[in-house]
Amino acid sequence: MSVITVLDTQTANSIAAGEVVERPASVVKELVENALDAGASVIHVEIRQGGISYIRVTDNGCGMDETDAQLAFGRHATSKIRSIDDLEQISTMGFRGEALASIAAVAKVRLETRPLGQASGTAVEITAGEMVTMRPAGCPEGTTLTIENLFFNTPARFKFLKKDSTEAAAVADVLERIALARPDVSIRLVSQGNELLHTPGNNDLRSAIFAVFGKEAASAIHPLDYAMVPVQVSGYIGTPEAARSSRNQQCIYVNGRLVKSRAVSAAIDEAYATHLMKRKHPLAVLKIDLPTPLVDVNVHPQKMEVRFWEEQTVFRAVYHGIQNALQSGGAIVESTPLAVPGSGLAAAPAPVQIALPQPVDAPSTAILDYTAGPDMALPDPVGVLVQETPVGSERPVHDATASLQQSQASDAQAAPAVSRPKTITSLQSARLIGQLFATYLVLEHEQDLLLLDQHAAHERILFEQLVARHRSRGPAAVQPLLIPQTIEVSAREQAILLAEQENLLQLGFEFEAFGSQSILLRSLPDSGRYTLKPQAAMRVLLDTLMSDKLHSEEQIDDLYYSMACKAAIKAHDKLDVREMEQLLSDLAELEDPYHCPHGRPVIIRISRYELEKQFKRIV
Ligand SMILES: Nc1ncnc2c1ncn2[C@@H]1O[C@H](COP(=O)(O)OP(=O)(O)OP(=O)(O)O)[C@@H](O)[C@H]1O
Ligand SMILES: [Mg+2]
């Protein structure tokens, strides 16, 4: 008996739909790309429940006549190519003729469309791939597609959908990236009645960046325009100071198509390598244009990947384009030749060198604020630490229960999490010699030379302060700002902050909406003697929220850790004696002063014995 049957169209379409339609965001992407292909200059998207129950996309594009309105839902039905050869010259977003058929197979779809200049339009309703009605309709010129109950007939797929807010965020993400690709088109997104995005469509990329990423980001960018025949790179890149801890603000377009490209990401990383800390990512809206026969766009069902004819040339064009833009934007401070290590791609020739002084951390990027509480002594202007008590005043005296030496031995492994006796005797009685390389404090203690990493030490102190106060809960966890601060955010960031307002209050962040792209911040988490800088602290919070990483206690600790890291004094910050003393005194009060929150050592010890051996005083 034969066992093979050919699947009916509906089943085959539902299976194929999986390739194109993964979640509401992929539906929105397909529909908006269709609107762009139809020449729309205004596109409105409305979603409910993250797009799971409702998506509506309206455009003012060319519309479809009655025949096309029906054909559009057939598989392999497209107006965009006629044969495979056309793919070489493809200039539209769509070409597979799959999207509408796939969407219609797994949802309830309503199409209303009227071609430009025609008296009446057509309405079509399709549910689970079956045409329900088709009739003439009075509708505006252009096209509206309404998608309801996505995956209602494919429970396996429905199960994989995330919570509404996550799906809504994914929709916003897709639209933001499309909006940045097409600043000539006005794109608007409304979710549950709230406007999350609205670009002006005035063909100015900077305005689109403003609408998508907010004022702060848009004011820290440099234009980029670079050609390395046959590759043309243009767009905007962010200043190193405004870099984020995720790649959320990076959008790469190849011939107008949003793509992910390892080669281009690597080129961005390498171009910034000497200007950024590891795991920091600058804003980059890059448009890479090259002759269409030199890119293959048909390697991925969602068209997210492309194949370049010569990846290295694209890498080099992006790398040098960014270098150039940073230099002419005045952001590059570079005195050593740049290598292009480990990218797996050919090293770029060394760029033109400009020798300028070493960068110092711009005060605006640090979280700590000099404006400490009213009764705190202000440090001298070049100082970093805010001091609470005058130097030489009483400090707590602790039991001498363990020596640094012992603790060093036990801390060779990870720091034990259990509470243990304070091991500060050594620090208390150590003699401060001074600062080395503007990075380490040098101390003498009995028969040891101690080197203390000032950044790691301060990070540890701040982290402990934040966590201790959070754990104690209650109003103690809040540090009200003397003057409420306006913080510029994007519309979407504002929506996320407002959705989490209650929870964030528990963490010490008190704020309210202020206009459509800012909030009024009233308090921050209590960080003890130090005041966090509102702008930078909120940026760390937003980065965490935008990557959906604030659910567990562990993730809250991670947030505090990131804030501590950003706020802590840096290597190359010069400290005066008073500040060094303060740091030591604060550190001495910690239960484990020897490790930064992620386990790196804060203090290392070199014994007199080792030194004398080096000098061959003893053999
Ligand atoms: N908003 C729209 N305005 C005008 N025509 C549209 C619109 N959406 C779809 N169409 C027509 O319907 C056809 C089918 O759309 P569909 O998205 O399924 O395929 P495609 O865009 O050609 O290719 P792909 O599957 O790669 O997106 C399109 O080729 C186009 O002619
Ligand atoms: Mg399409």
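Student: Before we start, what makes a helix crossing left-handed or right-handed?
Tutor: A crossing is left-handed if the near helix is turned anticlockwise from the far one by less than a right angle, and right-handed if the turn is clockwise.

Student: OK. Which hand does the crossing of α2 and α6 have?
Tutor: This is a predicted model, and in it α2 passes α6 in a right-handed crossing. The axes of α2 (residues 24-37) and α6 (residues 164-181) come within 8 Å and cross at roughly 25°. That makes α2 roughly parallel to α6, since angles under 35 degrees count as roughly parallel.

Student: Which residues make that contact?
Tutor: From α2 they are Pro24, Ala25, Val28, Lys29, Val32 and Leu36. From α6 they are Glu167, Ala170, Val171, Val174, Leu175 and Ile178.

Student: Switching topic. How far do I trust the model, what's the average pLDDT?
Tutor: The chain averages 79, and 78% of the residues score at least 70.

Student: Where is the pLDDT below 50?
Tutor: Over residues 330-424. Beyond near neighbours in sequence, that stretch has 185 contacts in the model.

Student: Sheets next. What's the strand order in the five-stranded one?
Tutor: The order is β9-β10-β13-β11-β12, in an open sheet with mixed pairing. β9 (221-228) and β12 (257-259) stand at the edges with a single partner strand each, so one side of each has no neighbour in the sheet. Neighbouring strands are turned by 20° against each other on average, direction ignored.

Student: How many bridges join β9 to β10?
Tutor: Eight, and the two strands run antiparallel. Leu224 stands opposite Gly235 in β10.

Student: Which helix packs on that sheet?
Tutor: Helix α9 (residues 262-272), which touches β10, β11 (250-254) and β13 (284-289). The direction of α9 makes about 125° with that of β13.

Student: Back to β9 and β10. What sits in the loop between them?
Tutor: Pro230 is there. A cis peptide bond joins Val229 and Pro230, with omega about 5°. Most peptide bonds are trans.

Student: And which residue has a positive phi without being a glycine?
Tutor: Asn149, at about 50°. Asn149 lies in the loop between β6 (142-148) and α5 (155-159).

Student: What about the four-stranded sheet, what's the order there?
Tutor: β17-β18-β19-β24, open, with antiparallel pairing. The edges are β17 (431-436) and β24 (603-607). Each of those has a single partner strand, so one side of each is left without a neighbour in the sheet.

Student: How many bridges join β18 and β19?
Tutor: Six bridges join β18 (residues 440-445) to β19 (residues 448-453), running antiparallel. One residue pair there is Leu443 with its bridge partner Leu450 in β19.

Student: Which strands does α13 lie across?
Tutor: α13 (residues 454-472) lies across β17, β18 and β19, at about 65° to β19. Helix α18 (residues 577-588) also packs on the sheet, touching β17, β18, β19 and β24. The direction of α18 makes about 115° with that of β17.

Student: At what angle do α13 and α18 pack?
Tutor: At about 50°, with their axes 10 Å apart. That makes α13 oblique to α18. The crossing is left-handed.

Student: Who meets whom in α13 and α18?
Tutor: Gln454, Ala457, His458, Arg460 and Ile461 in α13 meet Leu583, Asp586 and Leu587 in α18. By class, the contact has four nonpolar, two polar and two charged residues.

Student: Last pair. What's the angle between α14 and α16?
Tutor: Helix α14 (residues 491-499) and helix α16 (residues 534-546) pack at about 85°, with axes 11 Å apart. They are therefore roughly perpendicular to each other. α14 contributes Arg492, Glu493, Ile496 and Leu497 to the contact. α16 contributes Met538, Arg539, Leu541, Leu542, Leu545 and Met546. The residues divide into seven nonpolar, no polar and three charged.

Notes
Residues are numbered from 1 along each chain as its sequence is written. Chains are lettered from A and ligands numbered from 1 in the order in which they are written. This is a predicted model: local features need pLDDT of at least 70, side-chain atom pairs count only at pLDDT 80 or more; totals for chains, interfaces and linings use all residues. Side-chain values use heavy atoms; hydrogens and water are left out. Axes are lines fitted to C-alpha atoms, for helices over the stretch in contact, and angles run from 0 to 180 degrees between N-to-C directions. Angles under 35 degrees count as roughly parallel, over 145 as roughly antiparallel, 65 to 115 as roughly perpendicular and the rest as oblique. Contact means heavy atoms within 4.5 Å. Two strands pair if DSSP finds at least two bridges between them. pLDDT is the predictor's confidence in each residue, from 0 to 100. Ala, Val, Leu, Ile, Met, Phe, Trp, Tyr, Cys and Pro count as nonpolar, Asp, Glu, Lys and Arg as charged, and the others, Gly among them, as polar.
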